[in-house]
Amino acid sequence: MSGLEEEYRLEYFETNGFYRKQCVACGDAFWTRDGDRETCGEPPCDTYGFIDDPGFAEAYTLEEMREAFLGFFEEHDHERIDPYPVAANRWRDDVLLTQASIYDFQPLVTSGETPPPANPLTVSQPCIRMQDIDNVGKTGRHTMAFEMMAHHAFNAREGVEGYAYEGEVYWKEETVAYCEELLDELGADLEEVTYIEDPWVGGGNAGPAIEVIYRGLELATLVFMSLERDPDGEYELKGDSYSPMDTYVVDTGYGLERWTWLSQGTPTVYEAIYPEMIDVLTENAGIEHTEEEAAIVHDAARLAGNLDIDDADDVEAARADIAAELEVGLDRLRGLLEPLESVYAIADHSRTLAYMLGDGIVPSNVGTGYLARMVLRRLKRLADGVGVDAPLDELVDMQAERLGYANRDTVREVVRTEVEKYRETLARGERRVESLAEEYAREGQPIPAEELVELYDSHGIQPDTVTDIASQRGVDVETPDDFYGLVAKRHESERAQTDGEESASDTGLEGLPATERLYYEDQNRMEFEAMVLEVRERGENHPEGGYDVVLDQTMFYPEGGGQPADHGTLSTDDVTASVLDVQLVDDVVIHRTDVDPGTGEFVRGTVDAERRRRHMRHHTATHIVGHAARQVLGDHIRQAGAQKGTESARLDVRHYESVSHEQLTAIERRANDLVMANEPVKQEWLDRNEAEERHGFDIYQGGIPEGEQVRLIHTGPDTQACGGTHVSYSGEVGIIKILGTERVQDGVVRLTYAAGEAAVEAVQRTERRLDATADVLDVSPPAVPETAERFFEEWKARGKRIEQLQSELAAARASGATGGETVDVGGTTAVVQRVDGGMEQLRATANALVDEGKLAVVGSGDDGAQFVVAVPEGVAVDAGEVVGELARRVGGGGGGPADFAQGGGPDTGALEDTLADAPEVLREQLE
RNA sequence: GGGCUCGUAGAUCAGCGGUAGAUCAUCCCCCUGGCACGGGGAAGGCCCCGGGUUCAAAUCCCGGCGAGUCCA
């Protein structure tokens, strides 16, 4: 066991006269050319030394610095590659956002499975780190959106085989030399640069790493990824053991924003990287400073840079010290700085959104969409708070323009839609809080913490919003110290349930050769011959029983990519086995059959052609519908899931609003246009990097395939990476009929459609329903909508008429025209009457009687035995009690308020006797 | 992917087992020279859909559809 000290003894350091020192303040080991140096150079051991005193020979803009960096490495034999999207989930499924340039090459390139797009390479990769959201604007140096400039080299140890790249391109010596040369070229004083030893650990990998510090600013991190976690490993880092890997990767990160900042020496990073935006925002917000105020702000920023400020909490703590140092009041300082902090954050959040939306992320309540929504809402709050009244879509567009995105119209549209949604949510929230505040105001109580949690968790209302509105009504709010802790507590129980995932069962099929998959060779052939390599009876883990059959080659398509497995038969001369399911495990296709075809036998395989053809039509149709949806709805349209069946298929796409009928019709028409154009559907196997380069990441609509080669399906103008089976010409899909659309969740729209024979069947089904409806209405099908509407209107009108007639009838009954027994109960006239009708009639009759000052007991035998008892004002009879007693006698129950009650029971036979006893019951009540 | 909340008049929402309500908007009348305001009146409801429990469901339970929100 050992650490990595030896790893840092570079020849470069030796020959250039470096010293290895230990920081007298923090104890970290570092390398320097300056023999007198005692501290590592990084705050808090040292302070910023570049503000008002830029560290490079010239000032660079963001764009100039990016070009300087990439150009430098191009000159040193690196290939410049285009940056990847910030939505990392478009090429890997373990993370949401790109947080570092190395994300572009994980996991397949770093593991050696796939070659890198170039080697060595250089890139300036846009990244988003949501974890810095609270620090943006406040610390002077944090940005949520940033570009990580990098150069990477992918190496494999000499003599080991089986990796997608081999040999060593370069390693630590060259990496440090490049860094020094670049710094030197830009005019940095190399005497002032320090290299801190800081081992890197992450995601099961580790390696030595060096932090490059210049004038107090960490400019770069040079990571030498070369170790993997291994219980028996010889290296010990942060509590885990590691051993060397066969591949080792140079992973560098140079912060574009910091290099730009250092070259300009502005008080904060924000003024260096988007000065125009800061100008626009300060003017729009009406922030004006006198010369004296401007000087205070400037000095405060410089002082803050010299302090050990890591996050927003430190800023607050340091502010008093800064105020004292500048000899201004704390409140005045805060008043000057806080609006600026908002402006900085607004500029940053606008840029973050430009990255996100420019890369096609659609705001929603899940995944990256949720993150985009959070950023936008925070941006809106900041802008409102500081008085920036420029529309957000303009702010985002300013950044999108600078970043060169082509889909700026969509981006603006998305921002506008999302701002409107937020406005509605806020309005809803305000109404809710207002009525809640009034409720608690009446009781003279403060709004309790549980309500606060509920308002936030279920309705998205921030506690400070609640406090604001409540205080306007003079209501206190119990704000707990640990508000977000309480919210988290609410979610604790759901965590517990999410484990218990079934572990992949041991297939026991190791060592079998990969099945040759014939369905890729000829997607139209449905018959083949093969040899049975292995048959296993399915164990008790599989309640459906049967056999797992492995062949040397197969035409059967295994379930995958949203396409269900083929069915069919495997026959020998003696037996015919039905194939009920087909799965792919690693490279082996497993056929589940009902009987054992016999190991070593030759079998004739026949695929259920009807089923397969329907799947093929629906699969190609899915590509076509996706393409059409993108044309109609916009370039941001991406597949969120898909399922193909025999009767219909569905495609879920990311979109920011529901799809209108008009849009649906347009999609359907475009899709059928593509069908009728009868374009060839071609498959092509391509090297992964080449496929990405030629067609972009949008080919991964159906998920991210493994392996070095990807299979592309070209359907006319559409290209996707896909493992499914397809028809040969788009015309074979037949008619595509969109059956419906629904919003599966916010930000995801589902399109359901049928193709070919399934479409014809679907149309016929719809037609039959229409015919049946027309028959019922006794009109021709075209007249159905109009007739249905007329009938519905008439039905409503009749309902009203019936109600009116019933009350007239009831009034007539009450006036004594239709009998009923009249008795005297303690001085009040009571009428006991049987009216066989519904509850409506009973109520109307009883009400009419009460209107005449009479006590009413009305019974019906229409639907069981039912009673209504109504008591006029000032009569001391409890209607509820009376009904309870009467209903009990017919085997039921009942009740209600004292002046009006209803009830009943199933025993209709006892109705007459019960009504006869009613006067008795009423009199008992009086006592 | 999981949790929570909500679907009642055109709009905003009460009601939360027992006769469907308020406010605004709409229409009519009064007041005015006219408008705003004010006063009086009317019209407007498959209480989201489907099951269940109950004598009785807008109300309780289950399922679906729709909307919102928090978290991974």
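Start by selecting Ile-735, Val-760 and Val-763. These three form a nonpolar patch on the surface, with about 210 Å² of accessible area together. Patch members have over 30% relative accessible area and no salt bridge; like charges are joined within 9 Å, nonpolar side chains (Val, Leu, Ile, Met, Phe, Trp, Tyr) within 5 Å. Areas come from the Shrake-Rupley method with a 1.4 Å probe, and for residues only the protein chains shown count as cover.

This is a predicted model: local features need pLDDT of at least 70, side-chain atom pairs count only at pLDDT 80 or more, and totals for chains, interfaces and linings use all residues. Residues are numbered from 1 along each chain as its sequence is written, chains are lettered from A and ligands numbered from 1 in the order in which they are written, and side-chain values use heavy atoms, with hydrogens and water left out.

Stay on Ile-735. It sits in the loop between strand S25 (718-721) and strand S26 (736-745). Helices (H or I, at least four residues) and strands (E, at least two) are DSSP runs, numbered from the N terminus. Ile-735 has a relative accessible area of 39%, so it is partly exposed. The scale: buried is under 20% relative accessible area, exposed over 50%, partly exposed in between (1.4 Å probe, protein chains only).

**Domains**

Colour chain A by domain: domain 1 (5-269), domain 2 (274-406), domain 3 (424-491), domain 4 (516-607), domain 5 (613-764) and domain 6 (819-926). The bounds come from an automatic or database domain assignment.

Now pick Thr-828 and Gly-723. They are 105 residues apart along the chain, and their C-alpha atoms are separated by 86 Å. Thr-828 belongs to strand S29 (residues 828-834). Its relative accessibility is 15%, so Thr-828 counts as buried.

**Aromatic rings**

The whole structure holds 33 aromatic pairs. Rings of Phe, Tyr and Trp (its six-membered ring) pair if their centres lie within 6.5 Å; planes under 30 degrees apart are stacked, over 60 edge-to-face, the rest tilted. Zoom to Phe-154 and Tyr-165. Their ring centres are 5.9 Å apart and their planes stand at 55 degrees, so this pair is tilted. Phe-154 is in strand S5 (residues 145-156) and Tyr-165 in the loop between S5 and helix H3 (172-185), so the pair ties together parts 11 residues apart in sequence. Both Phe-154 and Tyr-165 are buried.

Jump to Phe-697 and Tyr-700. This aromatic pair is tilted too, at 6.5 Å centre to centre and 45 degrees between the planes. Phe-697 and Tyr-700 are both buried.

For a cluster, select Phe-56, Phe-69, Phe-72, Phe-73, Tyr-170, Tyr-178, Tyr-214, Tyr-254 and Trp-259; together they form one aromatic cluster. Then show Tyr-19 and Lys-21. The charged end of Lys-21 sits over the ring of Tyr-19, 5.8 Å from its centre. The test is NZ of Lys or CZ of Arg within 6 Å of the ring centre and within 35 degrees of the ring normal.

**Salt bridges**

A salt bridge is a side-chain nitrogen of Lys or Arg within 4 Å of a carboxyl oxygen of Asp or Glu. The count comes to 52. Begin with Lys-380 and Asp-384, bridged at 3.3 Å, N to O. They are 4 residues apart in helix H10 (residues 367-386), so about one helical turn separates them. Lys-380 is partly exposed at 22% relative accessibility, and Asp-384 is partly exposed at 46%.

Next, Arg-750 and Asp-652, a salt bridge at 2.7 Å, N to O. This pair links distant parts of the chain, with Arg-750 in strand S27 (residues 748-755) and Asp-652 in strand S22 (residues 649-654), 98 residues apart. Both Arg-750 and Asp-652 are buried.

Finish here with a network of salt bridges: Lys-138, Arg-319, Asp-331, Arg-334, Glu-338 and Glu-341.

**Backbone stops**

Most residues other than glycine have a negative phi, and most peptide bonds are trans. Check Pro-43 to Pro-44: the peptide bond is cis, with omega near 5 degrees. Pro-44 is in the loop between strand S2 (29-32) and helix H2 (62-75). Asp-52 is in the loop between S2 and H2. Asp-52 is not a glycine, yet its phi is positive, about 65 degrees.
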